[in-house]
Amino acid sequence: MHAVELHIKQALTGIYPESEIKGFTKIIFTEVFHFNMLDYYMGKDINLSANEAEQLDEILARLQKNEPIQYILGYTEFYGMTFCVTPAVLIPRPETAELVSLIIKENVDCSAKILDIGAGSGCIAISLAKNLPQAKVSSWDVSDEALKVARENNEKLGVSVTFSKVDVLGYKPFGEKFNVIVSNPPYITNAEKADMENNVLDWEPSLALFVPDEDPLLFYRKIAELGLDMLTPGGKIYFEINQAFGKEMADLLLSLGYCDAKIIKDLSGRDRIVKALR
Ligand SMILES: C[S@@+](CC[C@H](N)C(=O)[O-])C[C@H]1O[C@@H](n2cnc3c(N)ncnc32)[C@H](O)[C@@H]1O
């Protein structure tokens, strides 16, 4: 084993499983120190300068505190693009890419007006804007820090999503209409915290994650009610959902007067998306 690889292993053993340590090692070698992948797999040794050795120890100290590697690197991949991420934004998840894929597939031919509620890094809105070039995409978030990251990504990735500071829970519609509304809002109940990993609980923004136990559908209900005013007739609403509430979500949309509500499973077979027509 490389001396550096051994050093990483010793620093992280007992905190992470071996497979995850191997993943971090590969990222550190190839993405941080730009070591050639082939050389890495061939077992060639890696020589670090004094500065690089110091940088490695800083990274290991952060990993020892359970900080997600994406925040340490400052970026992550989503939908074939590199998004800046900071602890002010949720790290985009693969399930969310499935939501983006579905919306692109179902709206490919139209110059839709799309509203994304809860921008975070901007991953949904920016991926839609990039892949539906005729669409006009807007996105809201209540967090100034998240909006700063989303706007930076918007500029860096060369799209023109309009990001605005809006508290959706207090929003009163004023007549603006959209063809598509999408949201991946906070949806984890406090009761579910016990099952969550420390790297999420200690590092990702609570504002992006949690809803009160007594009202887990708080954001969905408010956004679906807004949709009644803000969607054009036949307009579409798409939500990423808590797997525990698929049926409740479909029932909620039908009770509000939406039609054709469908629950869609993610690649792991869990209820993950609900969509309906206005
Ligand atoms: C689950 S994260 C989703 C982020 C991003 N869309 C994604 O899929 O990775 C939810 C986002 O909703 C935002 N949010 C929380 N409360 C809000 C509110 N009252 N109004 C608008 N946005 C809110 C959070 O700041 C967070 O960025």
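Student: What separates the centres of domain 1 and domain 2 here?
Tutor: In this predicted model, the centres of domain 1 and domain 2, taken over C-alpha atoms, are 36 Å apart.

Student: Which residues belong to each domain?
Tutor: The domain assignment places residues 3–65 in domain 1 and residues 88–277 in domain 2.

Student: Turning to helix α6, how does the span of its 13 residues agree with 1.5 Å a residue?
Tutor: Helix α6 covers residues 94–106, so at 1.5 Å a residue it should span 18 Å. Its end C-alpha atoms are 19 Å apart, which agrees.

Student: Which residues in α6 are buried?
Tutor: Thr 96, Leu 99, Val 100 and Ile 103 are buried in α6. These residues are on the same side of the helix because they cover an arc of only 95° around the axis.

Student: What do those buried residues pack against?
Tutor: The buried residues of α6 pack against α7 (123–131) and against the strands β6 (178–183), β9 (231–240) and β11 (271–277).

Student: And which exposed residues are on the face turned away from the buried side?
Tutor: That face of α6 carries Pro 94 and Lys 105, which are exposed.

Student: A change of topic: where is Thr 86?
Tutor: Thr 86 is in the loop between β2 (81–84) and α6.

Student: Why is Thr 86 called partly exposed?
Tutor: Thr 86 has 16 other C-beta atoms within 10 Å. A residue counts as buried at 20 or more and as exposed at 12 or fewer, so Thr 86 falls in between.

Student: Which residues is Thr 86 in contact with, leaving aside neighbours within four places in sequence?
Tutor: Thr 86 is in contact with Tyr 71 and Val 149.

Terms used. Residues numbered from 1 in each chain as written. Predicted model: local features only at pLDDT ≥ 70, side-chain atom pairs only at ≥ 80, totals over all residues. Helix = DSSP H or I, 4+ residues; strand = E, 2+ residues; numbered from the N terminus. Expected span 1.5 Å × (residues − 1). Arc of directions from axis to C-beta. Contact = placed C-beta atoms within 7 Å. Domains from an automatic or database assignment.
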